[in-house]
Amino acid sequence: MSYPPPILRDQRKIDSEHLKLLAVFHFVCAGLALLGILFIVLHYMMFQAVFSNPKMWQDQKVDPPPVKEIFAVLKWFYLAFGAWCLVSGILNVMSAIRIRARKSRTFSMIVAGVNCLHIPLGTALGIFTIIILNRETVRELYDSWDQGGGPKA
């Protein structure tokens, strides 16, 4: 029985496409971090509007909650989550730019590790980034760009 010849794949082209996709997904992750910041701001504004409204507690049979104490604690949570989203967004933009430029592979690996904490989308992006950047052919691609400013001939 005769088998067809194997299909030859150009691994450099595949790696290049995968790196382009990784850069795009890092930009998307940064955009989601920006949306997270907007959500945090809107959540804070809504909570403050509801709980600081004295008319809401006027006809209730229970005493109003200690609003000032609640917001003293919540402000720290809002600040922590806002800072986390901001730092994550900045790191993802920087990583995307560096992936596109084929520079700082180690930095992108570190950002991928941070992304693994963002369940579930960041985890998937982080794992795929680590897998792709650990390929020997991608390492060679980064080395060729670092040494000569472009791909090897």
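Does aspartate 15 count as buried or exposed, and at what relative accessibility? In this predicted model, aspartate 15 counts as buried, because its relative accessibility is 0% and the cut-off for buried is under 20%. The residue is found in helix H1.

What does aspartate 15 touch, once its neighbours within four places in sequence are left aside? The contacts are Arg135, Thr137, Val138 and Leu141. With threonine 137 there is a side-chain to side-chain polar contact of 2.4 Å.

## The link to arginine 135

Arginine 135 also meets aspartate 15 in a salt bridge between side chains, at 2.7 Å from N to O. Aspartate 15 belongs to helix H1 (residues 11-51), while arginine 135 lies in the loop between helix H4 (121-133) and helix H5 (136-148), so this pair ties together parts that are 120 residues apart in sequence.

The two partners have their own accessibility labels. Arginine 135 counts as partly exposed, at 24% relative accessibility, whereas aspartate 15 is buried, at 0%.

## The other salt bridges

How many salt bridges does a search of the whole structure find? The count is three, and the arginine 135 to aspartate 15 pair is one of them. Another joins the side chains of lysine 20 and glutamate 17, at 3.7 Å from N to O. Both of these residues lie in helix H1, three residues apart, which is about one turn of the helix. Lysine 20 counts as partly exposed, with 47% relative accessibility, and glutamate 17 is partly exposed too, with a relative accessible area of 39%.

Then there's the bridge between the side chains of aspartate 10 and arginine 12, with an N to O distance of 3.7 Å. Aspartate 10 is partly exposed at 39%. Arginine 12 comes in at 55% relative accessibility and counts as exposed, because the cut-off for that label is over 50%.

Now for the greasy side of things. Which residues make up the nonpolar surface patch of about 860 Å²? They are Leu21, Val24, Phe25, Val28, Leu32, Leu34, Leu35, Leu38 and Leu121. Helix H1 gives the most to this patch, with eight residues.

Phenylalanine 25 is one of the patch residues, and its place is in helix H1. With a relative accessible area of 43%, phenylalanine 25 is partly exposed: that label covers values between the 20% and 50% cut-offs.

## Serine 95 in helix H2

Over in helix H2 (residues 67-101) we find serine 95. Its relative accessibility is 0%, so serine 95 counts as buried.

What does the side chain of serine 95 pair up with in a polar contact? The partner is the side chain of serine 108, at 3.2 Å. Not counting residues up to four places away in sequence, serine 95 touches His26, Phe107, Ser108 and Val111.

Notes:
Residues numbered from 1 in each chain as written. Predicted model: local features only at pLDDT ≥ 70, side-chain atom pairs only at ≥ 80, totals over all residues. Heavy atoms only, no water. Helix = DSSP H or I, 4+ residues; strand = E, 2+ residues; numbered from the N terminus. Buried < 20%, exposed > 50% of the residue type's maximum accessible area, 1.4 Å probe, protein only. Polar contact = N/O pair within 3.5 Å; in protein donor to acceptor, adjacent residues only side chain to side chain. Contact = heavy atoms within 4.5 Å. Salt bridge = Lys/Arg side-chain N within 4 Å of Asp/Glu carboxyl O. Patch = residues over 30% accessible without salt bridge, like charges linked within 9 Å, V, L, I, M, F, W, Y side chains within 5 Å. Areas by Shrake-Rupley, 256 points an atom, 1.4 Å probe, with all protein chains shown as cover.
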